[in-house]
Amino acid sequence: MPESITITDNRTGNSVEVPIVDGGVDANAWSKLLPGVWFFDPSFGATASTSSAITELDGDNGILRYRGYPIEQLAEHSTYLECAYLLHHGELPNKAQADAWEYDITHHTFIHEQLRKRFMEGFHYDAHPMGMFVSTLGALSTLYPEAKEIEDPAVRKQQIVRLIAKAPTIAACCYRFSQGLPFVYPDNALDFPTNFLNMMWRIGSDYEVDPVLARAMDVLFMLHADHEQNCGTTAMRVVGSSHADPYSSAAAAAAGLYGPRHGGANEQVVRMLTEIGSYDQVDDFIAGAKKGERRIMGFGHRVYKNYDPRAKIVKETAYKVFEITGKNPLLDIALKLEETALNDEYFVNRRLYPNVDFYSGLIYQAMGFPIEMFTVLFAIPRVAGWLAHWNELLEQDQRISRPRQIYTGEARRDYVPLTQRG
Ligand code: SDX
């Protein structure tokens, strides 16, 4: 049987055979046969917006690979910075490359004092940290006008290093501002996750980051680094396709991630578990979800119709963190919710499983992060994924994103003067 489809326009009898290549068919063949007839796919459920070699998902089998490497192996053996290198360069670094990459990132962690003192401290005292984070990414574009030279690979590389390096600094700054605490400067003697936790929690001179918590943070950063064409990354690619600078594009991506259906879900999971309140209230909550009255936040996924492989690793990491911090009391409610849902046909029939957000919030809360910081914690590593896709888009020299529409509005009609309107 040929690996192809045949499209026939029954109005004319004309047909075209289109090969199926890498699991897709070229829409141009459709457009030639059927000019002006558009595919209607409003949330891109069946549309590939691009080709990419960065991350592979297999939703039916719960598979996630960065440049071919299984997330389970990376989470066990790698670091976030090494994964960020892998996402960008396509290969794991050798020693010299890893050292140079880490040196570059480490020496770009500072943010301009003008940005911190005049811009970030200009927010309202109770500004949501993710709102600050989104805005500050955009503000970075005003500090680095050369970033507009997106055709130059060296300029792109410099902005990529800057954004990966500054994301944790900006995040810590958002937190310290929201708590009325003085800012802690980056410490170049510390590794990436340790430096972040130091900027978050240091008070005085005797603070030491627990290495178990630093490793847990690094594993969570790896798990969140990329996830192919999710909402935020699609925003990065769409805005980047206009040849906007990477800071403005990343601000758009972060804004997409902020939504409760996307990266905002980890914050909503903890609010949900707190609302459920106790182990014996879980069944009532599930009953409400089955009636469509609410959703189980942290459950379900557009691609994964099996257990999100990241959720398994987050769950394992949670137990390691709780040995240090003490168990999060919401864990028992979460475990009961998961067990009940996984054995209920409503969720089984819809192939709804825990996703990466279901357990991550429990870890963040146990580590002392306020829930308003959870999506910021998601965004810090996702910067690496957004930028890998942005860079790939520009290397592919893709045209500007400009989808068509199915028009359902009024036909042509003449203007009615105000005096003649009903
Ligand atoms: C992330 O895309 C990515 O890769 C994202 C991400 C990444 O790394 O970038 O993986 C990160 O965003 C994870 C998802 C986090 N969001 C949540 O946990 C919010 C809760 N989940 C959903 O709202 C929902 O599952 C989505 C948004 C994640 C996916 O939505 P879809 O694919 O559009 O599915 P749908 O809304 O069409 O739902 C299909 C059915 C519906 O029931 P019916 O209409 O068929 O009767 O499943 C039901 C939904 O009501 N359903 C749920 C549910 N999610 C879907 N019912 C209860 N609880 C849920 N969580």
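Domain bounds here come from an automatic or database domain assignment, and for this protein that assignment gives domain 1 (4-58), domain 2 (71-257 + 370-382) and domain 3 (265-366). The structure is a predicted model, in which local features need pLDDT of at least 70 and side-chain atom pairs count only at pLDDT 80 or more, while totals for chains, interfaces and linings use all residues. Residues are numbered from 1 along each chain as its sequence is written, and side-chain values use heavy atoms, with hydrogens and water left out.

**Domains and their contact**

- The C-alpha centres of domain 2 and domain 3 lie 27 Å apart, and their contact (heavy atoms within 4.5 Å) takes 21 residues from domain 2 and 22 residues from domain 3.
- Gly59 is found in the loop between strand S3 (55-58) and strand S4 (63-66), where helices (H or I, at least four residues) and strands (E, at least two) are DSSP runs numbered from the N terminus.
- When residues up to four places away in sequence are not counted, Gly59 touches Val303, Tyr304, Lys305 and Asn306.
- Gly59 counts as buried, at 9% relative accessibility; buried means under 20% relative accessible area, exposed over 50%, and partly exposed in between, with a 1.4 Å probe and protein chains only.
- Gly59 and Lys157 are 98 residues apart in sequence, and their C-alpha atoms are 32 Å apart in space.

**Cavity and pocket**

- On a 1 Å grid over the protein atoms alone, a cavity is a set of points where a 1.4 Å probe fits but cannot get out, and a pocket is an open set with protein on both sides within 12 Å along at least five of seven lines; lining residues have an atom within 4 Å of a point.
- Grid points are joined across faces, edges and corners, and a volume is the space filled by probe spheres set on the points.
- The structure holds 1 cavity of 30 Å³ or more, and about 70 Å³ of space lies in the largest cavity.
- Residues that line the largest cavity include Leu81, Glu102, Pro186, Asp187 and Phe192, and H4 gives the most to this lining, with 3 residues.
- The lining of the largest cavity divides into 5 nonpolar, 4 polar and 3 charged residues, where Ala, Val, Leu, Ile, Met, Phe, Trp, Tyr, Cys and Pro count as nonpolar, Asp, Glu, Lys and Arg as charged, and the others, Gly among them, as polar.
- The second largest pocket has a volume of about 260 Å³ and is lined by 17 residues, of which Thr79, Tyr80, Leu81, Glu82 and Glu102 lie nearest its centre.
- Two or more residues of that pocket's lining come from each of helix H3 (80-89), helix H4 (95-106), helix H8 (192-201) and helix H9 (211-224), and the lining comprises 9 nonpolar, 2 polar and 6 charged residues.

**Cysteines**

- A search of the whole structure finds 0 disulfides, a disulfide being a pair of cysteine sulfur atoms within 2.5 Å.
- Cys174 is in no disulfide, and the nearest cysteine sulfur, that of Cys173, is 6.6 Å away.
- Cys174 is buried, with a relative accessible area of 0%, and Cys83 also counts as buried, at 0% relative accessibility.

**Backbone with positive phi**

- Most residues other than glycine have a negative phi.
- Asp22, although not a glycine, has a positive phi of about 50 degrees; Asp22 sits in the loop between strand S2 (14-19) and helix H1 (27-33) and is exposed, with a relative accessible area of 82%.
- Glu228, likewise not a glycine, has a positive phi of about 45 degrees; Glu228 lies in the loop between H9 and helix H10 (231-240) and counts as partly exposed, at 22% relative accessibility.
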